[in-house]
Amino acid sequence: MPKTILTVDDSASIRQMVTFTLKGAGYAVTEAVDGQDGLDKARGGRFDLVFTDQNMPRMDGLTLIKSLRALPAYRSVPILMLTTEAGDAMKAQGRAAGATGWLVKPFDPQKLLEVVRKVIG
């Protein structure tokens, strides 16, 4: 059974690129259009990894990470930020919220897959 990944981003083109990259490597992918949608989908399913953007309507990435970490099922699930935000202060906030790692857009598909393999196999 393939590992399942939730990708949360308000940009349809980014969701498509991430999904295409991950599905091509054999992962099962569910897409969410913003943080609230991502939280709803996470509550309704079980994912091995979550990718989230930071800047989204309804709920930003840091709030989503904190919300997921409050759920027993997601306390140890890897959560990776995939965002244009590259500042050290934002990365520190991400770590404090519970992010496992940080990738900056635009992303290199091979690098994305390397990181995914490192955190979930």
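1. Start with Arg 117, which sits in helix 5 (residues 109-120). The model is a predicted one. Leaving aside neighbours within four places in sequence, Arg 117 is in contact with Ala 25 and Tyr 27. Its separation from Ala 97 is worth noting: 20 residues in sequence, and 23 Å in space from C-alpha to C-alpha.

2. Next, Lys 105. This residue lies in the loop between strand 5 (101-104) and helix 5. Is Lys 105 buried or exposed? Its relative accessible area is 14%, so Lys 105 is buried. The Lys 105 side chain makes a polar contact with the side chain of Asp 9, at 2.8 Å.

3. Thr 19 belongs to helix 1 (residues 12-24). Its relative accessibility is 8%, and therefore Thr 19 counts as buried. Which side chain makes a polar contact with that of Thr 19? The partner is Glu 31, at 2.7 Å, again side chain to side chain. Not counting residues up to four places away in sequence, Thr 19 touches Thr 7, Val 29 and Glu 31.

4. Now helix 2 (residues 35-44). Its buried residues are Gly 35, Asp 37, Gly 38, Leu 39 and Ala 42. The cover over these buried residues includes strand 1 (4-8), strand 2 (28-32) and helix 3. Look also at the start of helix 2: a side-chain oxygen of Asp 34 comes to within 3.1 Å of the backbone nitrogen of Gln 36.

5. The angle is about 20°, and the axes are 9 Å apart. Helix 2 is therefore roughly parallel to helix 3, as angles under 35 degrees fall in that class. Helix 2 contributes Gly 35, Gly 38, Leu 39 and Ala 42 to the contact, and helix 3 contributes Leu 64, Ser 67 and Leu 68. By class, the contact has 4 nonpolar, 3 polar and no charged residues. The crossing of helix 2 and helix 3 is right-handed. Gly 35, Gly 38, Leu 39 and Ala 42 are also listed among the buried residues of helix 2.

6. An α-helix has 3.6 residues a turn, so residues three or four places apart point the same way.

7. Helix 3 (residues 61-69) also packs with helix 4 (residues 88-97), at an angle of about 15° and with axes 9 Å apart. Helix 3 is thus roughly parallel to helix 4. How is the crossing of helix 3 and helix 4 handed, left or right? It is right-handed. On the helix 3 side, the contact uses Leu 62, Ile 65, Lys 66 and Arg 69. On the helix 4 side, it uses Met 90, Gln 93, Gly 94 and Ala 97. The classes here are 4 nonpolar, 2 polar and 2 charged residues.

8. To compare the two helix contacts: the one of helix 2 with helix 3 has no charged residues, whereas the one of helix 3 with helix 4 has 2. Each has 4 nonpolar residues.

Key: Residues are numbered from 1 along each chain as its sequence is written. This is a predicted model: local features need pLDDT of at least 70, side-chain atom pairs count only at pLDDT 80 or more; totals for chains, interfaces and linings use all residues. Side-chain values use heavy atoms; hydrogens and water are left out. Axes are lines fitted to C-alpha atoms, for helices over the stretch in contact, and angles run from 0 to 180 degrees between N-to-C directions. Helices (H or I, at least four residues) and strands (E, at least two) are DSSP runs, numbered from the N terminus. Angles under 35 degrees count as roughly parallel, over 145 as roughly antiparallel, 65 to 115 as roughly perpendicular and the rest as oblique. A crossing is left-handed if the near helix is turned anticlockwise from the far one by less than a right angle, and right-handed if clockwise. Contact means heavy atoms within 4.5 Å. Ala, Val, Leu, Ile, Met, Phe, Trp, Tyr, Cys and Pro count as nonpolar, Asp, Glu, Lys and Arg as charged, and the others, Gly among them, as polar. Buried means under 20% relative accessible area, exposed over 50%, partly exposed in between (1.4 Å probe, protein chains only). A polar contact is a pair of N or O atoms within 3.5 Å; within protein, one must be able to donate a hydrogen and the other to accept it, and residues adjacent in sequence count only if both atoms are side-chain atoms.
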